[in-house]
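Please keep the sequence and the model in view while reading.

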Amino acid sequence: MNKNFNKATAAGLIVALGIIYGDIGTSPLYVMSSIIGKREISEHLVYGGISCVFWTLTLQTTFKYIILTLQADNRGEGGIFSLFALLRRYRRWLYIPAIIGAGTLLADGIITPPISVASAIEGLSGVHGLEHLIAPGNMLTVGIIVTIISLLFFFQQFGTNLIGSSFGPIMLLWFVMLAVLGVNSIAIYPSILKAVSPVYAYELLAKYPGGFWLLGSVFLCTTGAEALYSDLGHCGRGNIRISWIFVKTALLFNYFGQGAWLMMRKDGHLNGLNPFYEIMPQWFLIIGIFIATAAAIIASQALISGSFTLISEAMRLNFWSKVRVKFPTVVRGQIYIPSINFILWFGCIAVMLYFRESSKMEAAYGFSITIAMLMTTILMFYFMKFVRKWHIALISLILAVFLTVEISFFVANIAKIKQRWMFLFFEFGIIAVMYVMYRARKIKNRYVEFVRLEHYLPMLKELSNDTTVPKYATHLVYLTSADNPKEVEHKIIYSILSGKPKRADIYWFVHVHTVDDPYTSEYKVTEIIPNDIIRVEFLLGFRVQPRINLLFRKVVEDLVKEGKVHVESKYERLQHLNPVGDIQFVVMEKFLSEDNELPFFERLVMKFHFWIKGHSLSEAKGFGLDQSNVDIEKFPLVVAPVANISLKQVKVSR
């Protein structure tokens with residue numbers, strides 16, 4: 001990792017504004033209106049709500065994520081899978097909080113775009129002349145929002161390089177606008193600043209009727225905090241921490257400004273008004289809505305891109321079946337996953353058509369993120385214990401503070417389940433897929449039969465030199481899962497030697513190892529028999545696309561140049577054109593044999609696993625192999641052979 005990566009720069013600060021703060025930065029659009037709702041506006045409610053927001057942003061976002069969690073960088077990368085990669089060698093069961101956190105984060109991706117864009121567009125209902133056309137929930141408003149969301153997902157396939165360059169300046173304008181509007185309102189009613197006192201938060205939660213349950217609305221102010229950590233690799237710790245000072249200041253000015261407007265409102269209820277738009281001068285309303293819409297789109301874009309990255313990491317860590325990944329631009333880390341893009345688009349449109357207006361979405365928003373934050377807290381406990389090696393008393397104190405806050409938010413958000421029951425299917429589905437992929441791999445690994453390669457070396461060498469057997473390929477390449485370079489799967493030996501033998505000049509055994517360093521791209525070569533049998537081990541970071549076809553050709557070219565591999569065409573005139581020779585990959589695809597005697601749960605897991613595999617990318621495409629030089633061999637997977645076969649011979653009477 002670049003030593004200067006975590007240092008703040010002017011350009012880095014602008015980039016951080018555009019990439020990281022979309023979700024948390026657009027929360028002023030709906031937080032205060034959600035806290036007040038249809039309740040009577042009172043000093044108790046307004047001051048208490050503002051105080052809760054202030055201390056939530058201070059404890060949860062600033063202390064937990066900005067100060068503490070950003071220390072848990074994996075060679076400059078952040079996010080729940082990067083954290084898990086650092087810890088998996090200490091506790092094997094930590095994959096459970098990792099997949100739960102990842103699943104709930106992805107679920108957040110189907111409600112953030114609708115609620116952000118809807119909150120922005122619905123502001124048009126306050127513009128003179130549009131109040132009868134634009135109203136929350138009507139067909140025109142829903143149609144505009146659905147169109148914007150659909151266009152956003154449609155343009156994902158082309159990459160965001162062009163529009164991405166403008167994200168930072170737009171978000172800078174957005175936060176300046178938040179601060180200016182808030183300060184103008186605070187100047188009229190400066191007493192609102194007293195809400196900084198935690199006493200108001202305590203009185204709201206302890207004494208206001210049903211005050212504790214308002215934490216479900218308060219929590220919306222910090223829903224984008226996970227993005228601060230997930231996008232660590234894009235911006236660097238220094239840029240995030242310094243830019244957060246500006247962002248938090250702008251957010252607090254706006255929240256306090258909305259509180260000031262509420263305290264000055266003569267009518268005792270909101271009556272459908274949004275304090276965010278009410279603190280805008282009437283002449284500025286159209287401009288403010290335009291900027292808010294742009295910020296909402298940026299928030300959605302950041303979350304969609306984060307979902308692509310999350311699934312990409314899950315594939316590399318064997319939590320997700322291989323799916324097609326595209327690279328629309330040359331920008332590092334910018335990827336596009338068509339299947340995930342469609343799932344998110346479908347989910348967003350379904351959410352929009354079901355709820356129809358942002359105020360109803362507020363009641364369903366936040367539950368997933370509370371779970372994701374709790375899972376991060378669990379992983380951070382082990383990071384502080386095993387990686388940082390802090391004193392257990394300090395770790396316990398920090399854990400107690402975070403668990404108290406987050407469990408309180410979780411309990412308050414439980415009330416939202418009845419408004420968001422449909423999300424549970426999405427969350428459980430994602431978590432189930434990740435669990436099945438991980439568990440099935442463990443089941444298969446228990447029964448994979450490895451053999452010592454040294455026992456078969458004479459036969460392989462003899463076959464390679466036997467000119468009476470037609471040559472199958474110059475380079476015959478098998479992908480092996482054996483970590484030990486002296487071993488190989490029995491099925492590979494069977495494929496080469498049994499039936500019609502496969503003669504080759506050189507037999508290659510290629511092993512792909514996913515390492516914890518996100519961007520490692522290295523290889524090791526073991527010459528088992530020089531120029532006859534060679535093992536290549538690729539060490540690839542979990543964010544590196546495994547393009548084995550290209551990588552392997554590069555390895556062969558390197559070895560030819562080093563004189564370790566000598567392959568010449570039998571046609572003299574072609575020797576200078578074909579220094580490497582032909583390469584043939586053999587991919588062994590498994591299917592679950594009926595000749596298995598698995599426990600019920602494991603059989604269920606394996607059947608679901610192979611069903612998922614059947615609807616996913618093939619092994620060949622998943623490893624980036626060229627279809628023109630790949631042979632697919634299917635073989636039955638027998639992980640638990642039937643022990644006793646009850647079969648009786650009946651003699652034929654003559």
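## Basis of the description

The model is predicted, so to speak of local features a pLDDT of at least 70 is needed, side-chain atom pairs count only at pLDDT 80 or more, and totals for chains, interfaces and linings use all residues. Residues are numbered from 1 along each chain as its sequence is written, and side-chain values use heavy atoms, with hydrogens and water left out.

## Overall build

The secondary structure of the protein chain consists of 27 helices and eight strands; helices (H or I, at least four residues) and strands (E, at least two) are DSSP runs, numbered from the N terminus. Along the principal axes, the C-alpha atoms fill a box of roughly 100 × 70 × 55 Å.

Of the 654 residues in the protein chain, 55% are buried. Here buried means under 20% relative accessible area, exposed means over 50%, and partly exposed lies in between, with a 1.4 Å probe and protein chains only. The protein chain exposes about 29400 Å², of which carbon and sulfur atoms supply 62%; such areas come from the Shrake-Rupley method with a 1.4 Å probe, and for residues only the protein chains shown count as cover.

A contact is defined by heavy atoms within 4.5 Å. Among contacts between residues at least 6 apart in sequence, 83% join residues at least 24 apart.

## Nonpolar cores

In soluble globular proteins, nonpolar side chains tend to be buried together. A nonpolar core is a set of buried Ala, Val, Leu, Ile, Met, Phe, Trp, Tyr and Cys residues joined through side-chain atoms within 4.5 Å.

The largest nonpolar core has 167 residues, and those with the most contacts inside it are Y21, F81, W174, F175, F319, W320 and M434. Helix α20 (residues 367-387) gives the largest share of this core, 14 residues. A second, separate core of 24 residues includes I534, L540, F552 and V630.

Leaving out residues up to four places away in sequence, F81 touches A98, A102, L310, E313, A314, L317, F319 and M434.

## Salt bridges

Side chains of opposite charge can pair when their charged atoms come close. A salt bridge is a side-chain nitrogen of Lys or Arg within 4 Å of a carboxyl oxygen of Asp or Glu, and by this rule the count is eight. Three of them are listed here.

| Pair | N to O distance |
|---|---|
| R237 and D73 | 2.6 Å |
| E602 and R439 | 3.6 Å |
| D505 and K471 | 2.9 Å |

R237 lies in helix α15 (residues 237-264) and D73 in the loop between α4 (43-68) and α5 (80-87), so this pair ties together parts that are 164 residues apart in sequence. R237 is buried, at a relative accessible area of 17%, and D73 also counts as buried, at 19%.

E602 in helix α26 and R439 in helix α22 (residues 421-447) link parts of the chain 163 residues apart. E602 is buried, with a relative accessible area of 11%, whereas R439 is partly exposed, at 26%.

D505 in strand β4 (residues 503-515) and K471 in strand β2 (residues 471-479) are 34 residues apart. D505 is partly exposed, at 24% relative accessible area, and K471 is partly exposed too, at 42%.

## Single residues

T222 is placed in the loop between α12 (215-218) and α13 (225-230). With a relative accessibility of 0%, T222 counts as buried. Neighbours within four places in sequence aside, T222 is in contact with I24, T56, Q60, T61 and M373.

N74 is found in the loop between α4 and α5 and counts as buried, at 3% relative accessibility. From N74 to L559 there are 485 residues in sequence and 32 Å in space, C-alpha to C-alpha.

L604 belongs to helix α26 (residues 600-614) and counts as partly exposed, at 48% relative accessibility. L604 and A120 are 484 residues apart in sequence, and their C-alpha atoms are 46 Å apart in space.
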